[in-house]
Amino acid sequence: DWKKIGHVPRKFSDDIWKRFKNACNHYFDRLHNQRNKNSKEEQKIVEAKRTFIDNFKVPKKVSKENVESYLNEWSEMGSLPRNARNLDAKFNKIVDKMLDQLPIDKKEASLLKFTHAVDAYVADQDEKSLNAEELFVRKKIDEITKEIQQLENNLGFISNAKEDNPLLVNVKSKISEYKEELSIWKEKLDYLKKIDS
């Protein structure tokens with residue numbers, strides 16, 4: 001816009017330019033101060049979460065309540081900036097180890113982690129992450145549905161084989177696994193839909 005206005009007489013240009021430059025400097029100073037403030041808050045979160053991971057010890061007796069408590073504590077510390085998301089991955093590995101010790105099935109463990117992550121997005125009012133999560137879940141549902149359709153189509157080509165045929169057994173087993181996985185993803189989508197409404 002400054003350039004579009006065009007030239008002004010020489011006797012006014014220096015004064016106008018100084019005023020314009022001061023306005024720009026004021027704007028960018030405020031912008032940088034805000035970013036630095038956010039950066040300091042983010043750094044505190046990173047340090048808190050790094051300390052949490054470094055000092056964390058998996059309890060000898062793991063319970064579902066333990067896991068939920070650690071998940072809540074982790075999210076209450078705040079969201080990590082993008083450049084420190086590796087800490088989330090480290091924490092998720094710890095949670096996975098704990099979930100492996102619990103007498104719960106794969107579906108329940110997966111849903112526990114998922115609902116916790118989604119609840120954290122809701123608490124942070126992170127619409128972008130919620131939308132990305134929903135897109136990802138829908139994509140997984142489509143991929144798995146296509147895999148099931150392909151395998152069921154393949155069954156048609158070997159329909160005259162005996163029931164104990166290794167290929168037939170393998171394909172049926174894969175279909176069963178995919179259907180179980182599909183039900184988990186559909187439950188995740190249902191959970192996201194409940195949040196939207």
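1. The protein has seven helices and zero strands. This is a predicted model. Read from the N terminus, the order of elements is α-α-α-α-α-α-α. The radius of gyration is 27 Å, well over the 16 Å that the globule rule gives for 197 residues, so the protein is more spread out than a compact globule.

2. Along its principal axes, the C-alpha trace spans about 95 × 50 × 30 Å.

3. On burial and surface, 26% of the 197 residues are buried. The accessible surface of the protein is about 14700 Å², and carbon and sulfur atoms account for 50% of that surface.

4. On contacts along the chain, consider pairs of residues at least 6 apart in sequence. Of the contacts between such residues, 69% join residues at least 24 apart.

5. On charge, the protein carries 39 positive and 35 negative charges.

6. Helix α1 covers residues 2-5, and Ile5 belongs to it. Is Ile5 buried or exposed? Its relative accessible area is 65%, and since exposed means over 50%, Ile5 counts as exposed.

7. Helix α5 (106-123) has 18 residues and reaches 26 Å from its first C-alpha to its last, close to the 26 Å expected at 1.5 Å a residue. Its buried residues are Ala109, Leu111, Leu112, Phe114, Thr115, His116, Val118 and Ala120. What covers them includes α3 (64-76), α4 (86-101), α6 and α7. After α5 comes Gln125, which has a positive phi, near 55°.

8. His116 sits in helix α5. With a relative accessible area of 14%, His116 is buried, because buried means under 20%. Which residues does His116 contact, leaving aside its neighbours within four places in sequence? They are Leu71, Asn72 and Ser75.

9. Helix α6 takes in residues 127-157, which is 31 residues. At 1.5 Å a residue it should span 45 Å, and its end C-alpha atoms are 46 Å apart, which agrees. The buried residues in α6 are Ser129, Leu130, Glu133, Glu134, Val137, Ile141, Ile144, Ile148, Leu151 and Leu155. An α-helix has 3.6 residues a turn, so residues three or four places apart point the same way. The buried residues of α6 pack against α5 (106-123) and α7 (166-196).

10. Glu133 lies in helix α6. Which side of the cut-off does Glu133 fall on, buried or exposed? Its relative accessible area is 18%, and the limit for buried is under 20%, so Glu133 is buried. Not counting residues up to four places away in sequence, Glu133 touches Phe114, Val118, Tyr121 and Leu192. Arg85 is 48 residues from Glu133 along the chain, and the C-alpha atoms of the two are separated by 16 Å.

Conventions. Residues are numbered from 1 along each chain as its sequence is written. This is a predicted model: local features need pLDDT of at least 70, side-chain atom pairs count only at pLDDT 80 or more; totals for chains, interfaces and linings use all residues. Side-chain values use heavy atoms; hydrogens and water are left out. Helices (H or I, at least four residues) and strands (E, at least two) are DSSP runs, numbered from the N terminus. The radius of gyration is taken over C-alpha atoms; the globule rule is 2.2 Å times the number of residues to the power 0.38. Buried means under 20% relative accessible area, exposed over 50%, partly exposed in between (1.4 Å probe, protein chains only). Contact means heavy atoms within 4.5 Å. Accessible areas come from the Shrake-Rupley method with a 1.4 Å probe; for residues, only the protein chains shown count as cover. Lys and Arg count as positive and Asp and Glu as negative; His and the chain ends are not counted. The place of a charge is taken as NZ of Lys, CZ of Arg, CG of Asp or CD of Glu. The expected span of a helix is 1.5 Å times one less than its number of residues.
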